[in-house]
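User: I'd like to learn how to read a structure like this one, feature by feature. Can you walk me through it?

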Amino acid sequence: SSKIRNVEVQSADDVAVLEDCTDFSLAKTISKTEEKLERGGLPDCLDDDIIPSVGNEIGAEAQIRFLKAKFRVMQEELDNVVCECRKKDDENQHLKSQLKGTEEENTRLQRTISMQRSQTEKYKMLSQEANKKSEGLQQEVIALEKVLQ
């Protein structure tokens, strides 16, 4: 014994929205269909899977409006996902260019560091040579002072 429920159908811009179908989701419908396929087949009429259990209680015109509305919603969701993908692609390109610039900067800085290290070594050697010369000259001065005294 099936109970016939009164379903409120709101019409906005020629689109029917079923109050009882707010939890309807494409992912649930697909998973239910896959489960039925695994168990051994689907019924001849798939209306129950496309439109929730209320589908048999509304007319064909309302079902079409409902399906068109669902299609519009899914199309909007798809458009949003495509837009997000484009944004992510743009962001990836921006980050790739930043990475390239950073790598170039890193290479330049490595070269600068290498040059500075070689210059540091050069100046250390010059400093050591100057220190040796200075020590030699100081010893000469000490020796000359002794000679003078």
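User: Let's start with charged pairs. Which residue forms a salt bridge with arginine 65?

Analyst: Keep in mind that this is a predicted model. The general idea is to look for a side-chain nitrogen of Lys or Arg within 4 Å of a carboxyl oxygen of Asp or Glu. Here arginine 65 pairs with glutamate 61, and their closest N and O atoms are 3.0 Å apart.

User: How should I read their spacing along the chain? Why are arginine 65 and glutamate 61 about one helical turn apart?

Analyst: An α-helix has 3.6 residues a turn, so residues three or four places apart point the same way. Arginine 65 and glutamate 61 are four residues apart in helix 3, so about one helical turn separates them.

User: And is arginine 65 buried or exposed?

Analyst: Buried means under 20% relative accessible area, and exposed means over 50%. Arginine 65 comes in at 18%, so it counts as buried.

User: Which residues of helix 3 are buried?

Analyst: They are Ala62, Gln63, Arg65, Phe66 and Ala69. Across the whole protein chain, buried residues make up 11% of the 149 residues.

User: How many salt bridges are there by this rule?

Analyst: The count is three. One of them joins glutamate 84 and lysine 87, at 4.0 Å from N to O. Both residues sit in helix 3, three residues apart, or about one turn of the helix. Glutamate 84 is partly exposed at 39% relative accessibility, and lysine 87 is partly exposed at 49%.

User: What about arginine 108: which glutamate does it pair with?

Analyst: Arginine 108 forms its salt bridge with glutamate 105, with the closest N and O atoms 2.5 Å apart. These two are three residues apart in helix 3, so again you're looking at about one helical turn. Arginine 108 is partly exposed at 38%, and glutamate 105 is partly exposed too, at 36%.

User: Now cysteines. How many disulfides does the structure hold?

Analyst: A disulfide is a covalent bond between the sulfur atoms of two cysteines. To call one, you need the two sulfurs within 2.5 Å. This structure holds zero. For cysteine 83, the closest cysteine sulfur belongs to cysteine 85 and is 9.4 Å away, so it's too far for a bond. As for accessibility, cysteine 83 is partly exposed at 34%, and cysteine 85 is partly exposed at 44%.

User: Helix 3 keeps coming up. How far apart are its end C-alpha atoms?

Analyst: A handy check is to compare the end-to-end distance with what the residue count predicts. Helix 3 covers residues 60–148, which is 89 residues, and at 1.5 Å a residue it should span 132 Å. Its end C-alpha atoms are 127 Å apart, which agrees with that.

User: Last one: where is the mean pLDDT lowest among the elements, and where is it highest?

Analyst: pLDDT is the predictor's confidence in each residue, from 0 to 100. Strand 1, residues 9–12, has the lowest mean at 42, while helix 3 has the highest at 95. The protein chain as a whole averages 79, and 70% of its residues reach 70 or more. Over residues 1–22 the value stays under 50, though the model has 32 contacts beyond four places in sequence for that stretch. Where pLDDT is low, the predicted coordinates should not be read in detail.

Methods. Residues are numbered from 1 along each chain as its sequence is written. This is a predicted model: local features need pLDDT of at least 70, side-chain atom pairs count only at pLDDT 80 or more; totals for chains, interfaces and linings use all residues. Side-chain values use heavy atoms; hydrogens and water are left out. Buried means under 20% relative accessible area, exposed over 50%, partly exposed in between (1.4 Å probe, protein chains only). The expected span of a helix is 1.5 Å times one less than its number of residues. Contact means heavy atoms within 4.5 Å.
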